[in-house]
Amino acid sequence: EVKYLSLGVLYKLVKFCDRELLSQHLAHLVHCLIECLSGLEDSTFNYVEQHAGRVGIDKDNLDSLRISAANSSVVGDMLDRLTTCVDETNLEEVSSKLCGILKHGIGTATCAGAAKFLTSVVIRIRHQIRPMCPMILRALSISMQKTMNHSVRRAYAASFAQVVKFADLETKQVNSLIVGIADSVHEDIDNGTTRHVASSAMFILEICRQAPDVFAEYKSRFLPLAFCMKYLKDSNKSETWSQIWDEGAPTNSTVVRMYHQDIGYLCLKFLQSDKWDTRRGGSAAIKELVSIGGDFQLTNVASLFDGLVKLLLPGRYWTGKEEVLEALAL
């Protein structure tokens, strides 16, 4: 009861207090309120979450619901009002507090709320955020890899795309963070894991949608990866990669002609995988590459043919091996 009384007083202060006075205490206010998003959450959500699987409730939908409820609460309203108080005098302190919450925040509503507040601030102050971009982008990248919550990942990816839009791409740290998104997927392919595949796909898709100029700078890294990854069987991940290809590629034939060497290199890496589904995806990607290429003379046909033959001849049958025969037929 004391918490809710305090919250009511604080709401009136935020609503009617002078903006300059609020600015002096903004970082502390924002930090406390974002943590309250989960701290003051209705306990019903925790109960429902514990029994969600038994009654057939989708966890992602439940998480989206609790985030929506938190954002529409009194605390969410206060945070929306406080975004207008962020300026040059408190930006560094507020950014530092947000990065701390992004890295160490507890609770779905708190983590997603921090990302939402950050996105709102960036949209309002735009280029003023540039000095803070490397620190914020690094915090989002680290946090994205740690969380397994789909709704929180989506919020982090949206924030990352908004921040990177105003970042200096020539800065070594910013450039390495963006390049690292694609490199982490290459690392997964080499190791036969899927640790970074989903989070990297979300990052790239949001960059494509919200920061098209940035996407254009790195499309030579993103598009070949999307072309190959969309042929993997995991429905959720392959769907995201398909969206990246559909929204980021001007035309299929143009991109294939520009990046057929990079696509072919990735296809060969897929064929060398220990996982059958990855091999099948590589074969399907080669088939599509040759099909889209049409009359265009692919310069790496010999290496692709050699890779397919080496995969087809030895060993027993495995699910998807027929894709290798279909690719060779082209």
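Val-164 touches Leu-137, Leu-169, Ile-178, Ile-207, Ala-211 and Val-214, not counting residues up to four places away in sequence; contact here means heavy atoms within 4.5 Å. The model is predicted, so local features need pLDDT of at least 70 and side-chain atom pairs count only at pLDDT 80 or more, while totals for chains, interfaces and linings use all residues. Residues are numbered from 1 along each chain as its sequence is written, and side-chain values use heavy atoms, with hydrogens and water left out.

**Whole chain**

- The protein chain has 19 helices and zero strands; helices (H or I, at least four residues) and strands (E, at least two) are DSSP runs, numbered from the N terminus.
- Of its 330 residues, 49% count as buried, where buried means under 20% relative accessible area, exposed over 50%, and partly exposed in between (1.4 Å probe, protein chains only).
- Among contacts with a separation of 6 or more, 73% are between residues 24 or more positions apart.

**Nonpolar core**

- The largest nonpolar core holds 100 residues, and Leu-82, Phe-117, Phe-227 and Trp-241 touch the most other members.
- Helix H8 (residues 108–125) gives the most to this core, with ten residues.
- A nonpolar core is a set of buried Ala, Val, Leu, Ile, Met, Phe, Trp, Tyr and Cys residues joined through side-chain atoms within 4.5 Å.
- Leaving aside neighbours within four places in sequence, Trp-241 is in contact with Val-185, Val-197, Ala-201, Ile-204, Leu-225, Ala-226, Met-229 and Lys-230.

**Selected buried residues**

- Val-164 lies in helix H10 (residues 150–165) and counts as buried because its relative accessibility is 0%.
- Leu-26 is placed in helix H3 (residues 26–39), and at 0% relative accessibility Leu-26 is buried.
- Leaving aside neighbours within four places in sequence, Leu-26 is in contact with Leu-82, Cys-85, Val-86, Asn-90 and Val-94.
- Leu-26 and Cys-85 are 59 residues apart along the chain, and their C-alpha atoms are separated by 7.5 Å.
- Thr-110 belongs to helix H8 and is buried, with a relative accessible area of 2%.
- Not counting residues up to four places away in sequence, Thr-110 touches Ile-34, Glu-35, Leu-37, Ser-38, Ile-101 and Gly-105.

**Helix pair H7 and H9**

- The axes of helix H7 (residues 91–104) and H9 come within 8 Å and cross at roughly 10°, which makes H7 roughly parallel to H9.
- Axes are lines fitted to C-alpha atoms, for helices over the stretch in contact, and angles run from 0 to 180 degrees between N-to-C directions.
- Angles under 35 degrees count as roughly parallel, over 145 as roughly antiparallel, 65 to 115 as roughly perpendicular and the rest as oblique.
- Ser-95, Ser-96, Cys-99, Leu-102 and Lys-103 in H7 meet residues of H9 including Met-135, Ile-136, Ala-139 and Leu-140.
- The contact of H7 with H9 has seven nonpolar, three polar and two charged residues; Ala, Val, Leu, Ile, Met, Phe, Trp, Tyr, Cys and Pro count as nonpolar, Asp, Glu, Lys and Arg as charged, and the others, Gly among them, as polar.

**Helix pair H9 and H12**

- Helix H9 (residues 133–146) and helix H12 (residues 197–210) have axes that come within 9 Å and cross at roughly 140°, and the two are therefore oblique to each other.
- Leu-140, Ser-141, Met-144 and Gln-145 in H9 meet Ser-199, Met-202 and Phe-203 in H12.
- The residues of this contact of H9 with H12 divide into four nonpolar, three polar and no charged.
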